[in-house]
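Please consider the model displayed below. The account that follows moves from the overall fold to individual side chains.

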Amino acid sequence: MKLIIITAVSAFEKQIMDILHKNQVHSFSYFPVNGYRNSSGESLQNNWFGSAFHKVESFMFFVFVNATQAENVFRSVEALNESCGLESRIHLILNNIEKYT
């Protein structure tokens, strides 16, 4: 059993849902989160947002799957990250589950 944690900006929501569906993931938890970027090291002239902290609408998925599904989801996210050409990426963490009930 594996636990996948996925975080990304809201713009990737549909792509993540498509990846999970394509890889036969039928159950997962999802919730919106507010991410923050600390821009205090940048000069205000170069800081598009004009403040030290920029709030970013994001989301987080928690997914429990078998090892094969986990590897397939990981590869799909990796491929999307390589092909999207954006600075923002989908972040995926893959954890082994020792015990569960």
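The structure is a predicted model, in which local features require a pLDDT of at least 70 and side-chain atom pairs count only at pLDDT 80 or more, whereas totals for chains, interfaces and linings use all residues. Residues are numbered from 1 along each chain as its sequence is written, and side-chain values use heavy atoms, with hydrogens and water left out.

The chain contains two helices and four strands, and from the N terminus on these elements follow the order β-α-β-β-α-β. Helices (H or I, at least four residues) and strands (E, at least two) are DSSP runs, numbered from the N terminus. A contact is defined by heavy atoms within 4.5 Å. Among the contacts in the chain with a separation of 6 or more, 77% are between residues 24 or more positions apart. The accessible surface of the chain is about 7100 Å², and carbon and sulfur atoms contribute 52% of that area; accessible areas come from the Shrake-Rupley method with a 1.4 Å probe, and for residues only the protein chains shown count as cover.

For single residues, buried means under 20% relative accessible area, exposed over 50%, and partly exposed in between (1.4 Å probe, protein chains only). Of the 101 residues of the chain, 29% count as buried. In soluble globular proteins, nonpolar side chains tend to be buried together. A nonpolar core is here a set of buried Ala, Val, Leu, Ile, Met, Phe, Trp, Tyr and Cys residues joined through side-chain atoms within 4.5 Å. The largest such core has 18 residues, and those with the most contacts inside it are Ile 4, Ile 6, Ile 16, Leu 20, Val 73 and Ile 90. Strand E1 (2-9), helix H1, strand E3 and helix H2 (67-84) each give two or more residues to this core. Beyond residues up to four places away in sequence, Ile 16 touches Ile 6, Phe 59, Phe 61, Val 77 and Ile 90.

Rings of Phe, Tyr and Trp (its six-membered ring) pair if their centres lie within 6.5 Å; planes under 30 degrees apart count as stacked, over 60 as edge-to-face and the rest as tilted. By this rule the count comes to five aromatic pairs. The ring centres of Tyr 30 and Phe 61 are 4.9 Å apart and their planes are at 45 degrees, so this pair is tilted. It links distant parts of the chain, with Tyr 30 in strand E2 (residues 29-38) and Phe 61 in strand E3 (residues 53-65), 31 residues apart. Tyr 30 is partly exposed because its relative accessibility is 33%, whereas Phe 61, at 0%, counts as buried. Phe 31 and Phe 62 form a stacked pair, 5.8 Å centre to centre with 20 degrees between the planes. This pair also links distant parts of the chain, namely Phe 31 in strand E2 and Phe 62 in strand E3, 31 residues apart. Phe 31 has a relative accessible area of 32% and is therefore partly exposed; Phe 62 is partly exposed at 27%. One aromatic cluster is formed by Phe 28, Tyr 30, Phe 59 and Phe 61.

The structure holds two salt bridges, a salt bridge being a side-chain nitrogen of Lys or Arg within 4 Å of a carboxyl oxygen of Asp or Glu. In one, the closest N and O atoms of Lys 14 and Asp 18 are 2.9 Å apart. Both residues lie in helix H1, four residues apart, about one turn of the helix. Lys 14 is exposed at 57%, and Asp 18 is partly exposed at 41%. Arg 75 forms a salt bridge with Glu 71, with 3.4 Å between the closest N and O atoms. Arg 75 and Glu 71 are four residues apart in helix H2 and therefore separated by about one helical turn.

Two further residues complete the picture. Gln 24 is located in the loop between helix H1 (13-22) and strand E2, and its phi is near 60 degrees, a positive value in a residue other than glycine. Most residues other than glycine have a negative phi. Ser 76, in helix H2, is buried because its relative accessibility is 11%. Its contacts, not counting residues up to four places away in sequence, are Ile 19, Lys 22 and Asn 23.
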